[in-house]
Amino acid sequence: MRNISPSSCDPTGVRAPRAFRPALLLLLVGGAAFAACSPDTAGTAGEGSGGNTSVTGGSAGQTGGSSGAGGGGITVVITSPDASADVPQSTCGNAVLDGTEQCDDGNTENGDGCSKICQIESNYDCQKAGQPCKNLAVCGNGVVTSDEACDDSNTQSGDGCSADCKTVESGWQCRVPAKPCTPKCGDSILSGSEACDDGDTKSGDGCSAVCKIEVGWKCDSNPSICSKTTCGDGNKEGAEGCDDGNTMPFDGCSEDCQIEPDCSTGVCKSTCGDGIVLNEDCDDGNAANGDGCSKDCKVESGWTCKQPDLGDKMMVPAIFRDFKMHHPAEFEPDDNVGCSSGKCVGMVKDTLDGDGKPVFTGITDQGVDVASPDTFKEWYRTTADVNHPNASKLALWRIASGAYVNRYGANGEQWKTGVDGNPLFFPVDNDPFSSGELAAAQVPGFYDPSISYDLDTNGNQRMHNFSFTSEVRYWFKYDSTKNYQLDFVGDDDFWVFINRTLAVDLGGLHSATPGSVTLDAATAAKLGTMQSGNVYEVAVFHAERHTTASSFKLTLSGFNAATTVCTPMCGDGVAVADEECDNGKDNSDTAYGGCTTTCKWGPFCGDGIVNGTEECDIGKNNGMQYGEGGCTFGCTKAHFCGDGHVDTDRGEECDLGSQNGKTLDRNGSPSADASALIYCTTVCKIPPGVVY
């Protein structure tokens, strides 16, 4: 700060005649103290001590011109126009907040938060006079300042906010200062815990609404390009739990390439990824991380996993094998004579063989009509030129009792009101293996006492493909405190094995015949000594060997094998999946800048609504526009030349707000008087001849 003499007070730098020589005044405008010249009517100006100028009452040579406690500041007492009262004294640099100073940190240096004219500099907080100002532009302090794009309270890269807080990293959103950034699902950038990101938040296209790979898909590249996997090609990829080179179930890998339990020894061995929770924290039917249940079947942080109710429908895996008539001979036998008692007991052994298939005993009673044990082996084994397998799933629909049963319609429609099961069960009608072998089908007396035919809307008989077998398997975790019920109707042969042991024997050629079995503690003791907590298999074998009628009904009650469903656990402090945030116990529906009880951001800087302590909020445009009308990332009005704040870090030397570029009188009001001066230009520079 330089000294001022009467000869230099003339802003032109030319000494004025004595009659018009100005005297030094200090005007206080917009919080700034600045030197000015006015007509000298009281005497000449002199230099005070301390290198500062002091003028009192227009006379010179006063000793009160010392720098004060802070040193190096300007001390000037201004005489009011009527000379009857003094305006407040402002001594910038004396560590006392006086006059209209915005701050006073005890010095007159720029760059420390309080400028040389005692205006607060950008990104500083000066709360107490005489104390250093606090620099808010410190990356990692949780405050987003005008020179930062984000601040997540740390200085680490890779978590959404760069180490210097200058950049929001690709694929992330950092919407609330001091809060963790979260992956931005749907922006085409793979980040954080995302398993995929295909540029949208729609499910059904391979990458789900929460950026997880969906079953039956694989997603590669960044952004993710998703395509359907080819189950059965021998390449395990995407959400496949296995791929053994075929699409047939019951060989350890299902028709949609998910792991199946191994029940070859009776008690099933449950593997992580098979959808059965046994000695595991969870099992969601795959061996992948990032969806709540890890590849090791451990519940991942931020999630809660449970085995839900099955819902309105359950899908049971099945194989339907199409045979040609008379190949082998037991399919459409020539005599076509059924079992005299309605069922032929004893056709199969009490236990399954090593392949999990029923074994023919060799009996030849009327209605059995099996050529040999070797031809019987082909019933439930895929055999070239003998049968053709069709992998499928049998839909069972929930009824009022809570049990699940198959029905006539594809969408669960009953044959007629109150009648479950399917009186026209023809799952291989579209298999070309035995094309041309179609026949009309009767509705059996069990469903229609009149034994009507299946007719189309024109009254014509529909033709169906007979001669097929059904193999259905189902796994469940046994609980000895519960009762399990199986009700069924079948024609022709129908057997049920539980724990590889025969539980229902309804073999031979016969019309639709009902049966049932209750699995309780007493029954379980007869089925290979079942123990509570173990997983067991229900295997159902059926054959349709006549060209008269085909009906099938399977009702399961008490069996619940739903896979684990994992959902984000809002309130645990970990944001996952579609959670935008999770502040744990601090979640609140009303707190500004906080996280709601549904783990979505509540009011925050950047939501486009001015709330809380915000000065402005223009949503996504925050931080994009500097100057008048702009708004910073921290929702404060963007600084610009003319806002009344001296932004020395942007080259401003002064800023008197709306008074920039105007000639001002001694009171700081616009004036055309010859003594009026421009004290700060429109580009926030101090004009020559004006000294602060």
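How many strands form the open sheet, and in what order do they come? In this predicted model, 10 strands make up the sheet, running S20-S19-S22-S17-S12-S13-S14-S23-S18-S21, with antiparallel pairing.

The partner of S20 is strand S19 (residues 494-498), and the two pair in the antiparallel sense over 5 bridges. To find your way along this pair, look for tryptophan 495, whose bridge partner in S20 is aspartate 505. The two strands form a hairpin with 2 residues between them, and there asparagine 499 takes a positive phi near 55 degrees.

Further along the sheet, S17 pairs with strand S22 (residues 535-544), again in the antiparallel sense, over 10 bridges. Here glutamate 471 sits opposite phenylalanine 541 in S22. As a general point for reading such strands, side chains in a regular strand alternate between the two faces of the sheet.

**The largest pocket**

The largest pocket has a volume of about 1200 Å³. Its lining comes from 44 residues, and those nearest the centre are Gln258, Gly275, Asp284, Gly285 and Thr563. Strand S12 (313-323), strand S17 (468-477) and strand S24 (565-568) are the elements that each give two or more residues to that lining. S12 supplies the largest share, with 4 residues. What is the lining like by class? There are 22 nonpolar residues, along with 11 polar and 11 charged ones.

Threonine 564 counts as buried because its relative accessibility is 5%. Leaving aside residues up to four places away in sequence, threonine 564 touches Val277, Cys282, Asp283, Asp284, Cys305, Lys306 and Gln307. Asp284, one of these contacts, is also among the residues nearest the centre of the largest pocket.

Most residues other than glycine have a negative phi, and most peptide bonds are trans. A few spots in this model go the other way, and they are listed here.

| Where | Feature | Value |
|---|---|---|
| Asparagine 222 and proline 223 | cis peptide bond | omega about 10 degrees |
| Histidine 327 and proline 328 | cis peptide bond | omega about 0 degrees |
| Serine 188 | positive phi | about 70 degrees |
| Serine 467 | positive phi | near 60 degrees |

Proline 223 lies in the loop between strand S9 (217-220) and strand S10 (225-228), while proline 328 is in the loop between S12 and helix H2 (373-377). Serine 188 sits in the loop between strand S8 (182-183) and S9, and serine 467 is in the loop between strand S16 (463-465) and S17.

Are the two serines buried or exposed? Serine 188 counts as partly exposed because its relative accessibility is 28%. Serine 467, at 0% relative accessibility, counts as buried.

Terms used:
Residues are numbered from 1 along each chain as its sequence is written. This is a predicted model: local features need pLDDT of at least 70, side-chain atom pairs count only at pLDDT 80 or more; totals for chains, interfaces and linings use all residues. Side-chain values use heavy atoms; hydrogens and water are left out. On a 1 Å grid over the protein atoms alone, a cavity is a set of points where a 1.4 Å probe fits but cannot get out, and a pocket is an open set with protein on both sides within 12 Å along at least five of seven lines; lining residues have an atom within 4 Å of a point. Grid points are joined across faces, edges and corners, and a volume is the space filled by probe spheres set on the points. Ala, Val, Leu, Ile, Met, Phe, Trp, Tyr, Cys and Pro count as nonpolar, Asp, Glu, Lys and Arg as charged, and the others, Gly among them, as polar. Buried means under 20% relative accessible area, exposed over 50%, partly exposed in between (1.4 Å probe, protein chains only). Contact means heavy atoms within 4.5 Å. Two strands pair if DSSP finds at least two bridges between them.
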